[in-house]
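Subject: Structure handover

Dear colleague,

Here is the structure for your records. Notes on what was found in it follow below.

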Amino acid sequence: MSTFLLVHGAWHSGQCWERVVPLLASAGHRVVAPSLTGYGDKAHLLGPEVGLDTHVDDIVRLINEEDLTDVILVGHSYAGLVISSAANRIPDRIAHLVYLDAMVPEDGESAVDVHPVTQALIDRAAESEVGWRIPPMPELPPPLGLFGVTDPADVAWLRTMLSDQPVLCLRQPVRLDNPAVRTIPRTHIHCVAGVPEGIKRRPVPEIQPNGSPAQVWELETGHDCMITMPAELTELLLKLG
């Protein structure tokens, strides 16, 4: 049995993994899919002081309190930053890092460094009445949809779990200064359909930080693959468990 810790991206909540959790669990694995501070059952905690460090604390605290070990830590989108800093703090508890269509930072980088297009979101928020919060991205015509989700029923369901994103989440830097974090194997899963204009994925180096060959898989779907292709995503994750 492996332990999968699934971390949602910006604007989402842990509910987005609802179709993946039972599939992993039915294969005999432990699965944890929390909502980060400011989202889902913690939406009432949303505030200008919530940032990347808050969300890293959420994950580190959960792992320690639940005494989770050999964790397969999956970060979707923005959560690539979260899992990176979390692994930096407790590398001995992490067995594998999975960057699921995610931001992959270097030490000291913020979301703006990884995806410069996010600066436009911050600038737009600064011009609004509430300068610290960024509303979810708008729905676009297919094949882009809402975070890559185009089915009307799925779009309606997705809307129920979206919250604004605090600016501080995109400004705070990742910490990757613990040499032990470089020994953790990585897998990158890319969603390759319907990529929005302005989003440029960094090339994955051929060699991982631990010296192993890079492991990159692709899903022919939009960004929120846990909603659009839960079975196919689970099949990939099970290769790691």
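Which residues are exposed on the other side of α9? They are Glu 235 and Lys 239, where exposed means over 50% relative accessible area, buried under 20%, and partly exposed in between (1.4 Å probe, protein chains only). Helix α9 spans residues 230-240, and its buried residues are Pro 230, Leu 233, Thr 234, Leu 236, Leu 237 and Leu 240. Helices (H or I, at least four residues) and strands (E, at least two) are DSSP runs, numbered from the N terminus.

Some notes on the basis of the values. This is a predicted model, in which local features need pLDDT of at least 70 and side-chain atom pairs count only at pLDDT 80 or more, while totals for chains, interfaces and linings use all residues. Residues are numbered from 1 along each chain as its sequence is written, and side-chain values use heavy atoms, with hydrogens and water left out.

Annotation. UniProt, in an unreviewed entry, lists residues 4-234 for "domain: AB hydrolase-1"; UniProt positions are given in the numbering used here, feature names are shortened, and annotations may be inferred rather than shown by experiment. Over residues 4-234 the chain is 28% helix and 15% strand, with the end C-alpha atoms 11 Å apart.

Salt bridges. A search of the whole structure finds 10 salt bridges, each being a side-chain nitrogen of Lys or Arg within 4 Å of a carboxyl oxygen of Asp or Glu.

- Asp 57 is partly exposed at 30%, as is Arg 89 at 45%.
- An α-helix has 3.6 residues a turn, so residues three or four places apart point the same way. Arg 61 is partly exposed at 42% relative accessibility, whereas Asp 58 counts as buried at 13%.
- Asp 101 is buried at 12%, and Arg 201 is partly exposed at 37%.

Surface patch. Val 117, Val 195 and Ile 199 make a nonpolar surface patch of about 200 Å². Patches are made of residues with over 30% relative accessible area and no salt bridge; like charges are joined within 9 Å, and nonpolar side chains (Val, Leu, Ile, Met, Phe, Trp, Tyr) within 5 Å. Accessible areas come from the Shrake-Rupley method with a 1.4 Å probe, and for residues only the protein chains shown count as cover. Ile 199 is in the loop between β7 (186-191) and β8 (216-219), and counts as partly exposed at 35%.

Cysteines. The search of the whole structure finds 0 disulfides, a disulfide being a pair of cysteine sulfur atoms within 2.5 Å. For Cys 16, the nearest cysteine sulfur is that of Cys 225, 9.3 Å away. For Cys 225, the nearest is that of Cys 191, 3.6 Å away. Cys 16 is buried at 0% relative accessible area, and Cys 225 is buried at 0% as well.

Regards
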